[in-house]
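My notes follow in the order in which I looked.

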Amino acid sequence: LLPRLGIVHLKDVRAVGGHDTCVHGEGVVPVAACVEVLRQGGYLGPVSIEHEPFDRDPSEDCARMRRELSGLLGRRPASVARRVRVGIIGCGNIGESYGRQLSSYPELALHAVTDLEPARARAFERQFGPRAYASLDGLLADPDVELIVNLTIHSAHYEVIKSCLEAGKHVYTEKPLALNSQQAHELVELAVRRGVRLGSAPSTWLGEAQQTAWRAIRECRLGTPRVAHAEVNWGRIEAWHPNPAPFYEVGPVFDVAVYPITLLTAWFGPVREVTAQGGILYPHRMTRENKPFTVASEDWTCAVLRLESGLLARVTSSFYVGGPDVARGLEVHGDLGSLYMDRWDFFDARVRFAKFGEPARRLALDVPSSGGIEYARGVRDMARAMLADRPHRCTGAHAAHVVEVCEAILQSARTGERIALSSGFAVPEFPEKL
């Protein structure tokens, strides 16, 4: 059952077949042994623990059990012979999500961290344990750091990644790989010359919902796929993010349209032609602290991509349109049927299939998902690839092609030209169930 577990609930009882809870350690249920099985199997989902005595306050007992089980879950499986030592650059808004996820992977050891604001690095050190370095140079000089995870702002990606590659480190970066195709391809070539790995988010195409949808496509349930629609209505970043200006410097194409573009190119191969329209709809904005800033890049675009497979994809991206009732989904239509995903990013997104002329029915996910986005899944895949001496899946070449597509969307929107693309990448094989 382990690969299909979504939630685990534990309850110790006084007698087999009974329901009366007892003081932790005095019952018949081997709670610690159950947790050890979960730990050895790599379970990452939630664990709940029940105490319901009617004769006492169970608070202290619950706290003691939680401390004990947290200690068990915090240990690494003994079956993992070696762990890849990771250094993190940047402890901003997404840093905590990466920290939690990376800390849970048995293949990885969080070893070092740095940030432009040393206080943030020290806070990350206190929370997750890696050594905090005062500078990037200090972290890169650490010979024990094997793999760098770059979580800096978009505009810093090229320089930071280049420094890491030149230092002989493997690199996995948050998206985008760079802000123009020349720099992106340069980084790919540098990684090859230095003999190190380069990978990039988004890795959401490795999610359970995304793999289930991909399997339906590969099984030809849609027939020949001819048209795809992706909605990337991300709303107004300033409504929730503490530092929205860097997002508007690059715009929604580079920040969020990369998700469905990466997904579609993983499924159907490279883009060969781009046509787009767009503009700045709402240039003057205010942060949550009522500080004004000006939008520097298109906050709305609509692009048509012609892929090498023949698929035509319409991708709409926006930092203007948003809200709970606005679509953020993906549709793929073929000769025999259509596939619908409510979201292209969530690993537990609803996936539906409809034969032509019939209502859509929900598909059960190949592997149940604990939900949301596992941002660091691409890092874990790279670590596994390093340990197994196999290629990793979220490659720099794929990410560089996506950068070229994003660049072409903005160029076409500004000039009205139809842009031809020639770069390519090794189309990934259908991934293992993760």
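I began with the sheet, and I noted an open sheet of nine strands with mixed pairing, in the order β18-β17-β16-β15-β9-β14-β13-β10-β19. I took helices (H or I, at least four residues) and strands (E, at least two) as DSSP runs numbered from the N terminus, and I counted two strands as paired if DSSP finds at least two bridges between them. At the edges I found β18 (361–362) and β19 (419–420), each with a single partner strand, so one side of each has no neighbour in the sheet.

The model is a predicted one, in which local features need pLDDT of at least 70 and side-chain atom pairs count only at pLDDT 80 or more, while totals for chains, interfaces and linings use all residues. Residues are numbered from 1 along each chain as its sequence is written, and side-chain values use heavy atoms, with hydrogens and water left out.

I then followed β9 (residues 225–233), which runs antiparallel to β15 (residues 330–334) and is joined to β15 by five bridges; A228 stands opposite V332 in β15. Across β9, β16 (337–341) and β17 (351–355) I found helix α8 (residues 208–218), running at about 175 degrees to β16. For that angle, axes are lines fitted to C-alpha atoms, for helices over the stretch in contact (heavy atoms within 4.5 Å), and angles run from 0 to 180 degrees between N-to-C directions.

Of its 40 lining residues, N93, I94, L151, H241 and F247 are the closest to its centre. Helices α6 (157–166) and α9 (245–268) each supply at least two residues of this lining, and α9 has the largest share, with five.

Searching the whole structure, I found three cavities of 30 Å³ or more. The largest cavity holds about 110 Å³ and is lined by 15 residues, with A201, P202, T262, A399 and V402 nearest its centre. To this lining α11 gives the most, four residues. The second largest cavity, of about 40 Å³, has A201 and P202 among its lining residues, together with E174, K175 and Y375.

Technical notes: On a 1 Å grid over the protein atoms alone, a cavity is a set of points where a 1.4 Å probe fits but cannot get out, and a pocket is an open set with protein on both sides within 12 Å along at least five of seven lines; lining residues have an atom within 4 Å of a point. Grid points are joined across faces, edges and corners, and a volume is the space filled by probe spheres set on the points.
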